[in-house]
Amino acid sequence: MKKDWMIKESELDEDQIKILMATLDKSCIVTGCAGSGKSILALLKAQRIQKERGDNYKIIVYTKALCDYMNSGRKELGLHNQFLYYWVWKNRQHCSAADYIIVDEIQDFSEEEINEFISATKKHFFFFGDTAQSIYEGLKTTMPVEDIGYLFPRGEKPKIFDLYRNYRLPIPIARFVQNVGVDLPPYDESTYKSKENNLPYILKYVNVEAQIKAITEIVNRDDLTDVAILVPNNEMVKIVGNNLNRLNVNFEQKYTDKIDYYNSKETLNFSTTNIKVMTYHSAKGLQFETIFMPMVEFFNDDKSSSRKSLYVAMTRTYCNLYIMYSDVLPKPISSIPVNLYKTSEGIENFDEI
């Protein structure tokens, strides 16, 4: 069943309440792991600003997918302003100013871009992020969240808040991904609050077509309605889409055609229960009941940002995680202790090895 990612203010823990109720008269930086509620707090912060200070605020994120996802919770909170993804704010609004600038996934931005946000802030900014989820190494030079404070003189430094509890990841998946992530804090089971307890799966099939067929069988068998298929790059999004079309499966997808931008496609609609297909990068900030990661053997672990993107993709789930491959597992996954996952899903057919 699809989980409502928008929690009520009454359900916040003491650390989250402290952030939400912090003065609006001082800028803040909020750090926290995947699943700690940063995006929700960004929305609730905007709600509080709107109630107490009016509509002169902007919420900005780096990816369009996350922007659309957050906009899906806008009406529920009664927020008046549409959220923006960075390209629109930069190129169409020309870095337009506001009393309050809220940025989610601040670790995706460079020092120059962060200074743009600061310059556009008339009163105060609120940045939310996690350096362990910075996945753009090699594409751009991003700024670690913990270094943002050094942009200011001592007396003007923003207030820093840290979130430690994780409400999304089931403990078995938390143990699993601890072997994949980079710059993670030591594993502490007491910080994970989910009651889900499904072990992740690593499943081998004879080819890509068999992987996609297995995904559709699992989805149909378990009546899954909140599903994402995440792959390493845009070309693989197309491959998955072509296979789902052959199987007459309803799905939505997002990919960028880097040769001909006008052939890019973006049909994601977070109000439907159709399967969502996208890259690891596009999934940043999102959450789904079930994550399928086919063709994982094509993941390239040459850079720490690649491992971080793999970690980000795995941590999008709040219940089920399926890793699928047909050749050789990449090192970050092949080195995970075998007691932390299952290798047989339960659907027996000739396609599974």
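Author: Welcome! On a 1 Å grid over the protein atoms alone, a pocket is an open set of points with protein on both sides within 12 Å along at least five of seven lines, and its lining residues have an atom within 4 Å of a point. Please keep in mind that this is a predicted model.

Reader: Thanks! Which residues lie nearest the centre of the second largest pocket?

Author: This pocket has a volume of about 510 Å³. Its lining is made up of 26 residues, and those nearest the centre are G32, C33, D130, L163 and P185.

Reader: Which elements give two or more residues to that lining of the second largest pocket?

Author: By class, the lining of the second largest pocket holds 14 nonpolar, 7 polar and 5 charged residues. The elements that give two or more residues to it are β1, β6 and α7 (171-177).

Reader: Which residue is the bridge partner of I101?

Author: Strands of a sheet pair through backbone hydrogen bonds, either parallel or antiparallel. Here β4 (residues 98-104) and β5 (residues 121-129) pair in the parallel sense over 6 bridges. In β5, the partner of I101 is F125.

Reader: Which residues of α3 are buried?

Author: A residue counts as buried under 20% relative accessible area. Helix α3 (residues 64-71) is mostly covered, with 6 of its 8 residues buried. They pack against α2, β2, α4 (74-77), β3, β4 and β9. The buried ones are A65, L66, C67, Y69, M70 and N71.

Reader: Which strands stand at the edges of the sheet of 7 strands?

Author: This open sheet has mixed pairing and the order β7-β13-β12-β8-β11-β9-β10. Two strands have a single partner each, so one side of each is left without a neighbour in the sheet: these are β7 (201-204) and β10.

Reader: Which residues of β9 point the other way from F251, Q253 and Y255?

Author: In a regular strand the side chains alternate between the two faces of the sheet. Strand β9 (residues 251-255) is mostly covered, as 5 of its 5 residues are buried. F251, Q253 and Y255 point one way, and the other way point E252 and K254.

Reader: Which residues lie nearest the centre of the largest pocket?

Author: About 1400 Å³ of space lies in this pocket. β9 and β10 each supply at least two lining residues, and so do α5 (86-91), α9 (234-246) and α10 (304-314). The lining has 14 nonpolar, 13 polar and 11 charged residues. Of the 38 residues that line the largest pocket, those nearest its centre are Y136, N234, T256, K258 and H281.

Conventions:
Residues numbered from 1 in each chain as written. Predicted model: local features only at pLDDT ≥ 70, side-chain atom pairs only at ≥ 80, totals over all residues. Heavy atoms only, no water. Pairing = 2+ DSSP bridges. Helix = DSSP H or I, 4+ residues; strand = E, 2+ residues; numbered from the N terminus. Buried < 20%, exposed > 50% of the residue type's maximum accessible area, 1.4 Å probe, protein only. 1 Å grid on protein atoms, 1.4 Å probe; cavity = no way out; pocket = protein on both sides within 12 Å on 5 of 7 lines; lining within 4 Å. Points joined across faces, edges and corners; volume = space filled by probe spheres on them. Nonpolar A, V, L, I, M, F, W, Y, C, P; charged D, E, K, R; others polar. Contact = heavy atoms within 4.5 Å.
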